[in-house]
Amino acid sequence: MGKKISSEYLRRAALHYLNRYSASEDSLRRVLKRKVERRAREAEEDPHEYYDLIEPVVAFCREHSFIDDLRFAKSKIRSGTVKGKSRSRIKLELSAKGVSGEHIQTAFDDEEHDDQRAAISYAKRRRLGPWRTKPKEERRDKELSSLVRAGFPYSLSQKIVDMTLEEAEDIIYAAVP
């Protein structure tokens, strides 16, 4: 027989999870729901009896600023820009994490996301455009396709693929305003 599910157990589990990972409210709910289901299955009980314990734990974490969807969204925008993720890709990922459209829009208004800089970071990581290893004529269409699939506009993708290494480095290493 497994251990008993209680609000104290869920609170400790939430704090332990948030100590290791950044999460949105919805992500935390899903994690706690999985924990309840696993514990209930071990104890051969119905997990639905314990779902009402999850929301007070999420509220506790929100009240004590352990979770904040706006802060989470801003963080994902900053890291996404550095990793070379497009605005549309970041929006999709935040929506999948359960962040509201209002929080996403506010975060984009507050944070600087430069699609051009992100596209150059993506191209550098994937060895496209100025960083290509094969002749441009052989790879141009594939590189354009890769950038467009990553969520960058076609016109920007063309610009990146045709850029020289010096132009790309000037943009990527320029001081952020």
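Student: How does Glu45 count in terms of relative accessibility: buried, partly exposed or exposed?
Tutor: In this predicted model, Glu45 is located in the loop between α2 (25-42) and α3 (54-63). Its relative accessibility is 25%. Buried would require under 20% and exposed over 50%, so Glu45 counts as partly exposed.

Student: With which residues is Glu45 in contact, leaving aside its neighbours within four places in sequence?
Tutor: Contact here requires heavy atoms within 4.5 Å. With neighbours within four places in sequence left aside, the partners of Glu45 are Lys4, Ala40 and Tyr50.

Student: What separation do the C-alpha atoms of Glu45 and Leu10 have?
Tutor: Glu45 and Leu10 are 35 residues apart along the chain. The distance between their C-alpha atoms is 16 Å.

Student: How many helices and how many strands does the chain have?
Tutor: From the N terminus on, the elements run α-α-α-α-α-α-α-α-α-α. The count is therefore 10 helices and zero strands.

Student: Why is the chain described as more spread out than a compact globule?
Tutor: For 177 residues the globule rule gives 16 Å. The C-alpha trace spans about 65 × 35 × 25 Å along its principal axes.

Student: What percentage of the 177 residues count as buried?
Tutor: A residue is buried if its relative accessible area is under 20%. Of the 177 residues of the chain, the buried share is 39%.

Student: Among contacts between residues at least 6 apart in sequence, what percentage join residues at least 24 apart?
Tutor: The contacts considered are those in the chain between residues at least 6 apart in sequence. Among these contacts, the share joining residues at least 24 apart is 68%.

Student: What is the helix content of residues 68-107?
Tutor: An unreviewed UniProt entry lists this range as "domain: RecX second three-helical". The end C-alpha atoms of the range are 12 Å apart.

Student: Where on helix α9 do the buried residues fall, and against which helices do they pack?
Tutor: In α9 (residues 154-162), the buried residues are Leu156, Ser157, Ile160 and Val161. Seen down the axis, these residues fall within an arc of 135 degrees, so they line one face of the helix. An α-helix has 3.6 residues a turn, so residues three or four places apart point the same way. The buried residues of α9 pack against α7 (115-126) and α8 (136-149).

Student: What kind of aromatic pair do Tyr17 and Tyr21 form?
Tutor: The chain has three aromatic pairs, among them Tyr17 with Tyr21. Tyr17 is partly exposed at 21%, and Tyr21 is partly exposed at 41%. The ring centres are 5.0 Å apart, and with 40 degrees between the planes the pair is tilted.

Student: How many residues apart in sequence are the parts that Tyr122 and Phe152 tie together?
Tutor: The rings of Tyr122 and Phe152 form a tilted pair, with centres 6.0 Å apart and planes at 50 degrees. Both residues are buried. Tyr122 lies in helix α7 and Phe152 in the loop between α8 and α9, so the pair ties together parts whose sequence separation is 30 residues.

How values were computed. Residues are numbered from 1 along each chain as its sequence is written. This is a predicted model: local features need pLDDT of at least 70, side-chain atom pairs count only at pLDDT 80 or more; totals for chains, interfaces and linings use all residues. Side-chain values use heavy atoms; hydrogens and water are left out. UniProt positions are given in the numbering used here, feature names are shortened, and annotations may be inferred rather than shown by experiment. Helices (H or I, at least four residues) and strands (E, at least two) are DSSP runs, numbered from the N terminus. Buried means under 20% relative accessible area, exposed over 50%, partly exposed in between (1.4 Å probe, protein chains only). The arc is that of the directions from the helix axis to the C-beta atoms. Rings of Phe, Tyr and Trp (its six-membered ring) pair if their centres lie within 6.5 Å; planes under 30 degrees apart count as stacked, over 60 as edge-to-face and the rest as tilted. The radius of gyration is taken over C-alpha atoms; the globule rule is 2.2 Å times the number of residues to the power 0.38.
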